[in-house]
Amino acid sequence: MNLFDLLRGTRWTLLAFDAEVPATEAHIRPLRMTRGCEEGSLTDVDAYETYDVTPGTTVLIRPDGYIATIR
């Protein structure tokens, strides 16, 4: 399964790039993104370039696939 498969559906998605996943509300699916293999995280090196992020960045994605916020 890849990142875009996980973005399908009616839930918001919070991507935490090499950062601790903050507590979220029930309608938000939190995902920890890493460049290397770590238990409990999703490895997707292309996502770093796609979203133009650095470690510690969080990206909130709306259910329709648009980016809501980047921090």
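This is a predicted model: local features need pLDDT of at least 70, side-chain atom pairs count only at pLDDT 80 or more; totals for chains, interfaces and linings use all residues.
The protein chain has 71 residues, and 37% of them count as buried. Its accessible surface amounts to about 4600 Å², with 52% of that area belonging to carbon and sulfur atoms. When contacts between residues at least 6 apart in sequence are considered, 38% of them join residues at least 24 apart.

The largest nonpolar core is made up of 13 residues, and L3, L15, F17, Y51 and V59 are the ones with the most contacts inside it. At least two residues of this core come from each of α1 (3-6), β1 (12-17), β2 (28-34), α2 (45-51) and β4. Helix α2 provides the largest share, three residues.

V59, one of the core residues with the most contacts, shows how these parts meet. Beyond its neighbours within four places in sequence, V59 is in contact with T13, L14, L15, F17, Y51, V53, I67, T69 and I70.

L60 belongs to strand β4, which spans residues 58-61. Is L60 buried or exposed? Its relative accessible area is 17%, and a residue counts as buried under 20%, so L60 is buried. With neighbours within four places in sequence set aside, the contacts of L60 are W12, T13, L14, I28, Y66, I67, A68 and T69.

Two aromatic pairs are counted in the model. In one of them, the ring centres of F17 and Y48 are 5.0 Å apart and the ring planes meet at 75°, so this pair is edge-to-face. Because F17 sits in strand β1 and Y48 in helix α2, the pair ties together parts that are 31 residues apart in sequence. Both F17 and Y48 are buried. Together with Y51, these two residues form one aromatic cluster. F17 and Y51 in this cluster are also among the core residues with the most contacts, and V59 is in contact with both F17 and Y51.

Methods
Residues are numbered from 1 along each chain as its sequence is written. Side-chain values use heavy atoms; hydrogens and water are left out. Buried means under 20% relative accessible area, exposed over 50%, partly exposed in between (1.4 Å probe, protein chains only). Contact means heavy atoms within 4.5 Å. Accessible areas come from the Shrake-Rupley method with a 1.4 Å probe; for residues, only the protein chains shown count as cover. Helices (H or I, at least four residues) and strands (E, at least two) are DSSP runs, numbered from the N terminus. A nonpolar core is a set of buried Ala, Val, Leu, Ile, Met, Phe, Trp, Tyr and Cys residues joined through side-chain atoms within 4.5 Å. Rings of Phe, Tyr and Trp (its six-membered ring) pair if their centres lie within 6.5 Å; planes under 30 degrees apart count as stacked, over 60 as edge-to-face and the rest as tilted.
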